[in-house]
Amino acid sequence: TKVRTSAETRARADGGKPLRVLVTGAAGFVGTHVALALKLRGDGVVGLDSFNHYYDPELKIARQKFLANAGVCVIEGDINDEKLLKRLFDVVHFTHVVHLAAQAGVRYAMENPGSYVKSNVAGFVNLLEVCKSADPQPAIVWASSSSVYGTNTKVPFSEKDRTDHPASLYAATKKAGEAIAHTYNHIYGLSITGLRFFTVYGPWGRPDMAYFFFTKDILKGKEITIYETSRGESVARDFTYIDDVVKGCLAALDTANKSTGSGGKKRGPAQLRIFNLGNTKPVPVSRLVSILEEHLKVNARKKVLPLPSNGDVEFTHANISLAQTELGYRPTIDLETGMKQFVWWYLNYYDRSRKN
Ligand code: NAD
């Protein structure tokens, strides 16, 4: 299986020893899946999450319980809490960090700009400060975002493309994170891999994302809005299934080299890498709605409006050849199959647990 391939890579890179991984944002959507996958393949995992109220905190608590049943502990705490982080590193001596804690979402930034700066910039710096002084210095894999490509019109988006036109404050803080990662790699020899995720979806997903609230609204018979571009086409996204993204994260961990310490001179330069993790097949949102209608067996009430200028971009489309070559990343799940999994989870777990 793919998991075994990943473990084999690790066996070559690290003598096959289990990793000791801190997963930040572990009560979040991607964090839950990454923490579970690491645990299932035999690595040591500790989760950290602030359980902020950006969306349904009950869903985060349910994910925490789900992970607890699998033997993964998610501690409540903030990445800005230096004392807490230092204590965790002193006790566990993490070899790796998967940093997924962030203030996500594009539109929320219009009303809450400070929360993006606090979690995505100040919190990231605080975490890197602790990693810099930790012994051993952990290798870090963190979530950047396809949003850094902003209003880029050259498709597919490649890591070499310009990223100096972020369309939202969220995108700007992710772009800032990439610059901060560069600095900590350059000065302190930290090994850092940034992953630009493209619209990740699946079971345990995020209620603020379109596929999730469309599902809710279609079932309630509420009208949904599909946005179109200035050329009259439906907005399109390179939807990427969670299991594919998890495999990409694990491959990034398994191929991360050791940090070199201050100055980066002892063992050759530590890695600073950026990869797109997308699906390479952008799908119009109008098609996403048709897929949901098929799986839910309900016709949606829809209206079409021009895309407002609130931070959303017209389309995303990943070029993944770098991740293919360096990480062996190969997404395999198409939107029809992935949405079937999501709808199953929504109807049989999420909706049911809300009604009881
Ligand atoms: P999520 O909101 O479900 O998870 C993030 C978690 O981080 C939340 O549980 C939140 O409580 C926690 N958190 C926020 N600020 C924190 C802080 N200061 N200290 C500790 N915990 C904090 O989002 P997700 O979809 O799982 O995204 C994971 C990462 O991937 C984020 O960095 C996000 O920006 C990035 N990303 C996600 C997508 C996507 O489509 N899901 C796309 C691009 C990038």
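I started with H2, which is mostly covered, with nine of its twelve residues buried. The model is predicted, and I kept that in mind throughout.

I listed the buried residues of H2: Phe29, Val30, Gly31, Thr32, His33, Val34, Ala35, Leu36 and Leu38. Next I checked the length of H2, residues 29-40. At 1.5 Å a residue, its twelve residues should span 16 Å. The end C-alpha atoms are 17 Å apart, so the two values agree. I then looked just past H2, where Gly42 has a positive phi of about 105°.

I moved on to H8, residues 242-254. The 13 residues should span 18 Å at 1.5 Å a residue, and the end C-alpha atoms are 18 Å apart, which agrees. How many of the 13 residues of H8 are buried? I found twelve, so H8 is largely enclosed by the rest of the structure. The buried set holds Ile242, Asp244, Val245, Val246, Lys247, Gly248, Cys249, Leu250, Ala251, Ala252, Leu253 and Asp254.

Last, I looked up a helix pair. Two packed helices are described by the angle between their axes and the distance between the axes. For H4 (residues 82-92) and H5 (residues 113-133), the axes come within 10 Å and cross at roughly 35°. The crossing of H4 past H5 is right-handed. Which residues of H4 and H5 meet? From H4 I noted Glu82, Leu85, Lys86 and Phe89; from H5, Asn126, Leu127 and Val130. I sorted the residues of this contact into four nonpolar, one polar and two charged.

How values were computed: Residues numbered from 1 in each chain as written. Predicted model: local features only at pLDDT ≥ 70, side-chain atom pairs only at ≥ 80, totals over all residues. Helix = DSSP H or I, 4+ residues; strand = E, 2+ residues; numbered from the N terminus. Expected span 1.5 Å × (residues − 1). Buried ≥ 20, exposed ≤ 12 C-beta atoms within 10 Å, placed from the backbone. Axes fitted to C-alpha atoms, helices over the stretch in contact; angles between N-to-C directions. Left-handed = near helix turned anticlockwise from the far one by under 90°. Contact = placed C-beta atoms within 7 Å. Nonpolar A, V, L, I, M, F, W, Y, C, P; charged D, E, K, R; others polar.
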